[in-house]
Amino acid sequence: MQACYGIDVGGSKIELVAFDGAMAERHRQRVETPAQDYPAFLDAVEALVRGADAALGRAAEAVGIGLPGVVEHDGGRQLSANVPALTGRTVREDLRRRLGRTLRFGNDLQCFALSEANGGAADGYPSMFGAILGTGVGGGYCLGGRLVAGHNGIAGEWGHWSVPAELLARHGLPLLDCPCGLRGCVERYVSGGGLSLIHRHAGGDGAAAPEIVARAEAGDAVSEAALGVHREFLGHTLAALIMAMDPHVIVLGGGLSKTRRLYRDLPGAIAPFLFAGVRVPPIVPPRFGDAGGARGAALLSRLHAPS
Ligand SMILES: [Zn+2]
């Protein structure tokens, strides 16, 4: 196969990695993201691509780009909270015009899933779900190593269905509005910020998620209780995901994926919410994790995923 580039656009950095036909890395460059300046953003991406062309001695035709946020269905305009400069812009069209070659686009969640499905923690499984658990919650679904994007390109967005009122009532937690426009979204309760909120409601100080995990491991009862409630919400929502998509393996990503006890405790938290006879699939840590963004973007260019 021919060489390809993967470009991972994040809130603070844009990274380009060039791969040869065997997906071995040949060149890598990172620059700051001009998060507030759209012309400077286009210039930065173009400079990265031209730099890679020069480093390889020829231009790779296949380029995949992972962009943060979503694209409006009508008009193709980007909506991005992490890189405000992109919001309202026709990013895909503008980059295609600038670079004059075939571009494939996806989001950071899809790139994570694709990278883990091909040579990563889910390599060889017939289907996989990459579930990001961090500041935000989302994911991507791959069948046979290929990404399933869906009718709206949002397959795998598991953070915005509702938590059951019964679970909220059981733990005395409020029904929260979500920036997406809906109410009671799973993301508000199972993200890193969600764990802090639960900690505050359990009588704690609402510390950051890694601190709550560290305190629980040191024997702090309030932090342990908060983790228990958080695990119940997570168990409920992952059970819903398993019953809807039935992936052969779930790979966790994002900040909370570094919590080792999660891999031990989650199967038992999911099982009570599954109907009889349904098995919890293996839940495993990522191989590439956040570092797989550019790799996943390069795979987008190869596997003819969305757009
Ligand atoms: Zn939401």
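Me: What makes a residue part of the lining of the largest pocket, and which ones lie nearest its centre?
Reply: A lining residue has an atom within 4 Å of a pocket point. In this predicted model, 50 residues line the largest pocket, and P68, G69, N107, D108 and L109 lie nearest its centre. The space in this pocket comes to about 1600 Å³.

Me: Happy with that! Which element gives the most to the lining of the largest pocket?
Reply: That is helix 3, with 5 residues. Other elements that each supply at least two residues include strand 1 (4-9), strand 2 (13-19) and strand 9 (137-143).

Me: How do you know which domains the lining draws on?
Reply: Domain 1 (4-114 + 290-303) and domain 2 (124-286) each provide at least three residues of the lining of the largest pocket.

Me: How many lining residues of the largest pocket are nonpolar, polar and charged?
Reply: There are 16 nonpolar, 24 polar and 10 charged residues. Gly counts as polar.

Me: Now to a helix. Why is helix 6 called largely enclosed?
Reply: A residue is buried when its relative accessible area is under 20%. In helix 6 (residues 192-201), 7 of the 10 residues are buried, so the rest of the structure largely encloses this helix. Those residues are G192, G194, L195, S196, L197, I198 and H199.

Me: What do the buried residues of helix 6 pack against?
Reply: They pack against helix 5 (187-190), helix 7 (209-217) and helix 8 (221-245). Contact here means heavy atoms within 4.5 Å.

Me: And which residue just after helix 6 takes a positive phi?
Reply: G203 does, with a phi of about 105°.

Terms used:
Residues are numbered from 1 along each chain as its sequence is written. This is a predicted model: local features need pLDDT of at least 70, side-chain atom pairs count only at pLDDT 80 or more; totals for chains, interfaces and linings use all residues. Side-chain values use heavy atoms; hydrogens and water are left out. Buried means under 20% relative accessible area, exposed over 50%, partly exposed in between (1.4 Å probe, protein chains only). Helices (H or I, at least four residues) and strands (E, at least two) are DSSP runs, numbered from the N terminus. On a 1 Å grid over the protein atoms alone, a cavity is a set of points where a 1.4 Å probe fits but cannot get out, and a pocket is an open set with protein on both sides within 12 Å along at least five of seven lines; lining residues have an atom within 4 Å of a point. Grid points are joined across faces, edges and corners, and a volume is the space filled by probe spheres set on the points. Domain bounds come from an automatic or database domain assignment.
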